[in-house]
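Biologist: I have a structure to go through with you today. Could you walk me through its side-chain interactions, question by question?

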Amino acid sequence: MISATVSRVREQVAWACRILALEGYTDLTLGHASARADDSYTIYIKRKGPGLDEVCPDDIVAVDLRDPDGLSASDLHLETAMHTEVYRARADVGGVIHGHPPFATALGATGAGLEFLTHDAALFADGLPVFDETPSLILDVVGGRAVANALGGHRALLLRNHGALIAGRDLRWAVLTAVTLERAIRLQTIAVSLGSLRGFSQTWADRILPVKYQEAFLDEYWSAWIRRVRRSPGQGELWGGAQ
């Protein structure tokens, strides 16, 4: 029997994948989300095979952070090491996402950075670092550790010529951060095409952040995302699980 707690975590990761697909993270069968279990040393992550828009709870598999050979499982994505090493480096992280959203991936292929042009960008008031060591896949613990070091204590990281990595205090926060990052960069792309940029200061970003992005809003956002997924063509009721 699967415990209620494990079932809940697997359902949440599956919902996160469906939400990310709806928000522009779909790239063939690539991209993955994970969540840390209550025991702190087990994570549940999307397996390789299905696309983000196809994921169900049965597609979520466990990885034990204490197992040095845990990454060798045949059903894991090649870049699972980014997840495991972020969790090992940061006890404050409960959810990790890696994907190739178009606008964030494009920004990471330039010398430009994220500007404070919208409230979306204020979520990244502490900065948006870039991992610049390699444009290649991150296939092992050494590479995953380098990515975790580049992320540091930040919410998100651009991977040069590759995509983005997001870390949240829980998976809901990670999804909000992933969605907001792509929206902020998309709006910046639009703004650049319209005229001279008129952003706001770091001081304003620091002020906007705690007002706009509050823990109290997360349940409301999460429920709205799930309703959107359910309304989307081909999604239906999914598996009928809990939110």
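Biologist: Which residues are linked with Arg 169 in a network of salt bridges?

Modeller: Happy to start there; the model is a predicted one, in which local features need pLDDT of at least 70, side-chain atom pairs count only at pLDDT 80 or more, and totals for chains, interfaces and linings use all residues. Residues are numbered from 1 along each chain as its sequence is written, and side-chain values use heavy atoms, with hydrogens and water left out. A salt bridge here is a side-chain nitrogen of Lys or Arg within 4 Å of a carboxyl oxygen of Asp or Glu. By that rule, the network joins Arg 169 with Asp 170, Arg 172, Glu 215 and Asp 219.

Biologist: Is Asp 219 buried or exposed?

Modeller: Buried means under 20% relative accessible area, exposed over 50%, and partly exposed in between (1.4 Å probe, protein chains only). Arg 172 has 12% relative accessibility, so Arg 172 counts as buried. Asp 219 has 54%, which makes Asp 219 exposed.

Biologist: How many salt bridges does a search of the whole structure find?

Modeller: One of them joins Asp 132 and Arg 160 at 3.1 Å, N to O. Asp 132 is in the loop between β5 (130–131) and α5 (141–151), and Arg 160 in the loop between β6 (156–159) and β7 (163–168), 28 residues apart. Searching the whole structure gives a count of 14.

Biologist: Why are Arg 88 and Glu 85 separated by about one helical turn?

Modeller: Good one! These two form a salt bridge, with the closest N and O atoms 2.3 Å apart. Glu 85 is buried at 4% relative accessible area, whereas Arg 88 is partly exposed at 38%. The separation is about one turn because they are three residues apart in helix α2.

Biologist: Which residues are in contact with Thr 84, leaving aside its neighbours within four places in sequence?

Modeller: Thr 84 lies in helix α2 (residues 80–89). With 1% relative accessibility, Thr 84 counts as buried. Taking contact as heavy atoms within 4.5 Å, the partners of Thr 84 beyond those neighbours are Ile 43, Val 63, Leu 65 and Leu 71.

Biologist: What is the angle between the planes of Phe 116 and Phe 200?

Modeller: Rings of Phe, Tyr and Trp (its six-membered ring) pair if their centres lie within 6.5 Å; planes under 30 degrees apart count as stacked, over 60 as edge-to-face and the rest as tilted. The count comes to three aromatic pairs. Phe 116 and Phe 200 form a stacked pair, 5.8 Å centre to centre, with the planes at 15°.

Biologist: Where does Arg 66 have its charged end, and how far is that end from the ring centre?

Modeller: A charge sits over a ring if NZ of Lys or CZ of Arg is within 6 Å of the ring centre and within 35 degrees of the ring normal. Arg 207 lies over the face of Trp 204, at 4.9 Å from the ring centre. The charged end of Arg 66 sits over the ring of Tyr 41, and its distance from the centre is 3.5 Å.

Key
Helix = DSSP H or I, 4+ residues; strand = E, 2+ residues; numbered from the N terminus.
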